[in-house]
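Grab a pencil and work through these exercises with the sequence and the structure side by side. Try each task yourself before you read its solution.

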Amino acid sequence: MTAVPTNLTASATPTASESRRTFAIISHPDAGKTTLTEKLLLFGGAIHLAGHVKAHGERRRTQSDWMEMERARGISISSSVMTFERGGLTFNLLDTPGHQDFSEDTYRTLTAVDSAIMVIDAAKGIESQTRKLFEVCRLRDIPIITFINKIDREGLDPFALLDEIESTLALDVCPMTWPVGMGGDFRGAFDLRDHRYLKSESRPGAADGHVVACNGIDDPKLDKLVPERILASFRESAALAVSAYPGFDLGSYRAGHLTPVFFGSALKDCAVNELLEALATMAPPPRPQPAEPRTVYPDEKAVTGFVFKMQANMDPNHRDRVAFLRLCSGRLRRGMKLRQVHSGKMISLQNPIFFFARERQLAEEALPGDIIGIPNHGTLRVGDTLTEGEELRFTGIPNFAPEILRRVRLDDPMRAKQLRRALEDLAEEGVTQVFRPIIGSQWIVGVVGQLQLEVLASRIATEYKIAVGFEMAPFETARWVASDDPAQLKQFVERNSGSLAEDRDGASVFLARDTWDLNRTIRDWPNLRFLKTRERT
Ligand code: G4P
């Protein structure tokens with residue numbers, strides 16, 4: 001077992017690259033991600049009153065919601081970044097869209113984090129979206145801290161919840177806090193490592209005001225604080241939990257094999273502070289990033305980073321595009337010039353932006369793990385690597401083959417140019433993918449889910465003032481076509497021109513009418529590769 005310091009700062013003077021905790025929260029809608037985000041920002045000192053984020057009687061509204069549509073639907077469509085500082089560390093929380101239709105954007109966001117918090121509703125256990133997002137984290141060995149939320153409501157038995165994590169996610173678990181009563185009996189939680197009783201009284205912002213230091217779960221102090229029946233039951237189950245599960249192992253957690261589990265309540269501020277402490281002391285600082293032809297380490301001197309997200313029109317009064325850059329190494333300073341490796345162009349960072357909870361600020365300096373926004377007019381693209389000159393490409397930021405294809409019908413043909421611009425902008429953000437058929441002039445858009453189509457139409461209408469409709473396309477699925485033999489590829493393109501399109505980068509895409517068509521084509525062209533994902537080269 002590895003000892004982990006319990007104070008908030010990971011080490012007395014963290015080096016530059018150790019001072020960042022860049023993380024995301026993964027969960028199923030309604031598990032409490034928004035509430036927990038608010039509380040983390042509140043406890044991190046980034047906002048002062050959680051109530052102002054979610055006003056009474058008003059529809060839910062959070063710092064991370066940018067768009068009308070999100071508010072109307074109560075879902076968070078676009079990711080954003082929230083930065084706060086505490087105990088000498090800087091926390092960068094990347095918001096992942098909670099809706100299942102937006103897996104592509106979410107996937108890319110998860111390429112930019114070093115760890116994740118998995119929020120589970122105590123009454124529901126692991127739900128489908130959590131599981132999907134977890135699989136993405138596992139692919140990238142992202143370490144996960146689990147927060148089992150809403151223990152103030154009736155929920156499943158804590159052991160059943162831990163069993164479920166172990167068996168369905170194949171993760172070792174280590175309970176860090178344990179509920180002191182649940183539902184009607186809820187009296188708080190107990191910090192099993194530091195022996196602290198976290199009383200249930202909700203006192204927003206008063207993080208330490210309701211913490212009672214104890215000498216273990218048998219401390220007589222507890223007898224005065226917790227009703228006898230609830231205490232007896234807590235003591236019995238907590239003792240069993242301590243003996244049944246192995247102690248916390250930092251190496252195992254950071255390798256993605258073990259998850260520390262916090263039972264708590266975001267709404268009642270229970271165990272939120274402990275979660276934040278765990279992020280500070282256990283969650284990894286910026287990790288080495290996979291790249292070609294070599295891995296990049298955060299303590300390298302030269303600045304490197306990659307664009308994982310693009311957002312157009314963040315400010316409705318000011319049509320802008322912001323590229324979200326994850327810094328992987330070096331110390332970035334405002335005014336620097338970085339090379340866009342893909343094109344060889346130099347990009348001048350005159351106005352890089354930091355995203356604080358409530359505002360954006362000019363970034364004078366940024367360190368590995370930080371996310372900065374770079375306003376630009378379409379030069380930067382998702383997947384871009386920026387360096388001080390080195391020929392390098394960060395890997396693992398793919399496009400996914402869409403599951404729904406539609407033709408775009410433009411009501412006013414005079415606006416074809418504007419439509420092209422709108423589709424390209426929105427494709428860049430990951431709202432849609434666009435394909436230009438080799439034959440014919442109608443754009444085809446590809447999305448992963450139905451809701452994405454609605455978002456697309458609504459944004460084209462409100463942000464670009466173009467009326468469009470979507471028509472069924474005679475295609476059901478798409479695959480990127482690749483081959484080591486250019487002659488074969490050319491032959492394929494010539495023979496199948498009616499089913500071929502180009503993506504934004506000019507890569508060939510085969511549009512299949514149905515699965516049968518796809519399988520037959522794959523069989524007929526054994527020397528070609530039909531790919532479900534594509535990374536920019
Ligand atoms: P999400 O972002 O994951 O979708 O969840 P969100 O935080 O919006 O929380 C969903 C609902 O669960 C909210 O209820 C919220 O207040 C509630 N909730 C979150 N954390 C806790 C908790 O620790 N305990 C309890 N009891 N509730 C919690 P709502 O929108 O106000 O109302 P409703 O959805 O219950 O109607």
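**Exercise 1. Which residues come nearest to the ligand, and how do the residues of the shell divide into nonpolar, polar and charged?**

Step 1: Of the 18 residues around the ligand, the nearest are Gly32, Lys33, Thr34, Thr35 and Leu267. A residue makes this list if its C-beta atom, placed from the backbone, lies within 6 Å of the molecule.

Step 2: Before you go on, note that this is a predicted model, where local features need pLDDT of at least 70, side-chain atom pairs count only at pLDDT 80 or more, and totals for chains, interfaces and linings use all residues. Residue numbers start from 1 along each chain as its sequence is written.

Step 3: Now sort the shell: four residues are nonpolar, seven are polar and seven are charged. Here Ala, Val, Leu, Ile, Met, Phe, Trp, Tyr, Cys and Pro count as nonpolar, Asp, Glu, Lys and Arg as charged, and the others, Gly among them, as polar.

Step 4: Helix 1 (residues 33-43) gives the largest share of the shell, three residues. Helices (H or I, at least four residues) and strands (E, at least two) are DSSP runs, numbered from the N terminus.

**Exercise 2. Find strand 4 (residues 115-121) and work out why it is largely enclosed by the rest of the structure.**

Step 1: A residue is buried if 20 or more other C-beta atoms lie within 10 Å of its own, exposed if 12 or fewer, and partly exposed in between, with C-beta atoms placed from the backbone.

Step 2: Count along the strand: seven of the seven residues of strand 4 are buried, so the rest of the structure largely encloses it.

Step 3: Check both faces. Ser115, Ile117, Val119 and Asp121 point one way, Ala116, Met118 and Ile120 point the other way, and all are buried.

Step 4: Look at the partners. Strand 1 (residues 20-27) pairs with strand 4 in the parallel sense over five bridges, and alanine 24 sits opposite alanine 116. Strand 5 (residues 144-149) is also paired with strand 4 in the parallel sense, over six bridges, with asparagine 149 as the bridge partner of aspartate 121. For strands to count as paired, DSSP must find at least two bridges between them.

**Exercise 3. Is isoleucine 126 buried or exposed, and what does it touch?**

Step 1: Isoleucine 126 has 20 C-beta neighbours inside 10 Å, so it counts as buried.

Step 2: Leaving out residues up to four places away in sequence, isoleucine 126 touches Ile120, Arg131, Glu164, Ile165, Thr168 and Leu169. Two residues are in contact if their C-beta atoms, placed from the backbone, lie within 7 Å.

Step 3: Take one of these, glutamate 164: it is 38 residues from isoleucine 126 in sequence, yet the C-alpha atoms are 7.4 Å apart in space.

**Exercise 4. Locate the largest nonpolar core and say which residues have the most contacts inside it.**

Step 1: A nonpolar core is a set of buried Ala, Val, Leu, Ile, Met, Phe, Trp, Tyr and Cys residues joined through C-beta atoms within 7 Å.

Step 2: The largest one has 106 residues, and Ala116, Phe190, Leu275 and Leu325 have the most contacts inside it. It draws at least three residues from each of domain 1 (22-83 + 100-281) and domain 2 (291-394), with bounds from an automatic or database domain assignment.

Step 3: Another core, of 30 residues, lies apart from it, with Val408, Ala422, Phe475 and Leu511 among its members.
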